[in-house]
Amino acid sequence: NETTLANAWARESATPRASYLHAWHAAFGRYFWITGLLKMVNDGMMLLNPVLINTIVAYIDGKTPLSPVAAVLLALAMLGANTVKSLASGQYFWRGFRLGLHTRVAVGQHVYGKALSLVHEQRNEFGVGAIVSYMQIDATKIGDALPYLHLTWSGPVLLLVATGMLYGYLGVAGFAGL
């Protein structure tokens, strides 16, 4: 995977508006977006549970006519939703941390390769500390951020949907949950 990023950067640097982010996306983008789909599944299953609970409570209160078989199926749907949520969450974080590790290694290796190709005067201009910082600390920060990057879109979506659900169930009092 380290060579994947290096090869993507070699292709990207030949373009007039070269971007390291575009090279990273060419190397790891598909894996990143599939991981995002797992986050979507996780969030969907998390939002499905309150709907199922509300339907079961309405059945128990006598507000929703359901057969006993349908009520049991709703309870089994809750079990299924929680199982899928658990599996999707585990896979999401496993893939996210794995992608972070691959990115950290690829960026570190790329910086190290660039540092080796510098002539002595250029290397002295940066200093060993700066090169090591770019190679390890900055690459680690990028890698550590990747598992949580999908929260930038899923957090606001979850907030809006959950607030809408609270408003639907409780009316204006649902905004107190905000």
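Asp-43 has its place in helix α2, where helices are DSSP runs of H or I with at least four residues, numbered from the N terminus. Asp-43 is buried, with a relative accessible area of 6%; buried means under 20% relative accessible area, exposed over 50%, and partly exposed in between, with a 1.4 Å probe and protein chains only. Leaving aside neighbours within four places in sequence, Asp-43 is in contact with Ser-154 and Leu-158, contact being defined as heavy atoms within 4.5 Å. This is a predicted model, in which local features need pLDDT of at least 70 and side-chain atom pairs count only at pLDDT 80 or more, while totals for chains, interfaces and linings use all residues. Residues are numbered from 1 along each chain as its sequence is written, and side-chain values use heavy atoms, with hydrogens and water left out.

Lys-39 also lies in helix α2 and is buried, its relative accessible area being 8%. Not counting residues up to four places away in sequence, Lys-39 touches Tyr-92, His-150, Leu-151, Trp-153 and Ser-154.

## Helix α6: length and faces

Helix α6 covers residues 151-170, and at 1.5 Å a residue its 20 residues should span 28 Å, which agrees with the 27 Å between its end C-alpha atoms; the expected span is 1.5 Å times one less than the number of residues. The buried residues of α6 are Ser-154, Leu-158, Thr-163 and Met-165. Seen down the axis of α6, these buried residues fall within an arc of 165 degrees, so they line one face of the helix, the arc being that of the directions from the helix axis to the C-beta atoms.

On the other side of α6, Thr-152, Leu-159 and Leu-160 are exposed. What covers the buried residues of α6 includes α2, residues 20-60. After α6 comes Gly-171, whose phi is positive, near 80 degrees.

## The contact of α2 with α6

The axes of α2 and α6 come within 11 Å and cross at roughly 10 degrees, where axes are lines fitted to C-alpha atoms, for helices over the stretch in contact, and angles run from 0 to 180 degrees between N-to-C directions. That makes α2 roughly parallel to α6, a term that applies to angles under 35 degrees.

On the α2 side, the residues that meet α6 are Gly-36, Lys-39, Met-40, Asp-43, Met-46, Leu-47, Pro-50, Val-51 and Asn-54, and their partners in α6 are Leu-151, Trp-153, Ser-154, Leu-158, Val-161, Met-165 and Tyr-169. By class, this contact has 11 nonpolar, three polar and two charged residues; Ala, Val, Leu, Ile, Met, Phe, Trp, Tyr, Cys and Pro count as nonpolar, Asp, Glu, Lys and Arg as charged, and the others, Gly among them, as polar.

## Partly exposed residues and C-alpha separations

Ala-162 lies in helix α6 and counts as partly exposed at 31% relative accessibility. Ala-162 and Leu-178 are 16 residues apart in sequence and 9.1 Å apart in space, C-alpha to C-alpha.

Val-105 is found in helix α3, residues 68-117, and is partly exposed at 34% relative accessibility. Between Val-105 and Val-69, which are 36 residues apart in sequence, the C-alpha to C-alpha distance is 53 Å. Lys-114 likewise lies in helix α3 and is partly exposed, with a relative accessible area of 46%, and its C-alpha atom is separated by 43 Å from that of Leu-159, 45 residues apart along the chain.

Technical notes: Helix = DSSP H or I, 4+ residues; strand = E, 2+ residues; numbered from the N terminus. Parallel < 35°, antiparallel > 145°, perpendicular 65-115°, else oblique.
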